[in-house]
Amino acid sequence: MTSPENFQRLLDLVPSPNNGITFCQGCFAEMGVDIPATIKHFGSQKKLFFAHFRNLRGTATNFTEMFHDDGDTDMFAAMRAYFDIGFDGPMRPDHVPTVEGEGNDRPGYTLMGRLFAVGYMRGLIEAIEKTR
Ligand SMILES: [Mn+2]
């Protein structure tokens, strides 16, 4: 599953309202694709069942997990794309850096980075709601 075309093939193999994808933005960003356009591609088919809101820098062979406001993806445009497709499924922040003073027993899922991400997501949502 290394391209949007592969995911499309998976969806087309079993046409069913129960066949959908967890859209991990980071995984798709590693593929080097346009994230908002890809959200719209699968979202317009109602095939986005779960969204992982994630940002990083680089591609699959060499990438770094980033804070949500500091990677290659335009996260405002990504969030707006979810609004544009009428996404009403679950979404959560994904893969956060560990912050000074925290333990690292759950790398990528530590509390402070996730708290930052949720606040950032909430800010994006409010900005989109107030400017639509
Ligand atoms: Mn993920």
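Visitor: How far apart are the end C-alpha atoms of helix 5, and what span should its 21 residues have?

Guide: In this predicted model, helix 5 runs over residues 111-131. At 1.5 Å a residue, its 21 residues should span 30 Å, and this agrees with the distance between its end C-alpha atoms, which is 30 Å.

Visitor: Which residues of helix 5 are exposed, and where do they lie relative to the buried ones?

Guide: The buried residues of helix 5 are G113, A117 and L124. Because they cover an arc of only 35 degrees around the axis, they sit on the same side of helix 5, and what covers them includes helix 4 (75-84) and strand 5 (91-93). On the other side of helix 5, the exposed residues are G119, R122, E126, E129 and K130.

Visitor: What radius of gyration does the protein chain have, and what would a compact globule have?

Guide: The C-alpha trace of the protein chain spans about 50 × 40 × 25 Å along its principal axes. With 132 residues, a compact globule would have a radius of gyration near 14 Å, and the protein chain agrees with this, having 15 Å.

Methods. Residues numbered from 1 in each chain as written. Predicted model: local features only at pLDDT ≥ 70, side-chain atom pairs only at ≥ 80, totals over all residues. Helix = DSSP H or I, 4+ residues; strand = E, 2+ residues; numbered from the N terminus. Expected span 1.5 Å × (residues − 1). Buried ≥ 20, exposed ≤ 12 C-beta atoms within 10 Å, placed from the backbone. Arc of directions from axis to C-beta. Contact = placed C-beta atoms within 7 Å. Rg over C-alpha atoms; globule rule 2.2 N^0.38 Å.
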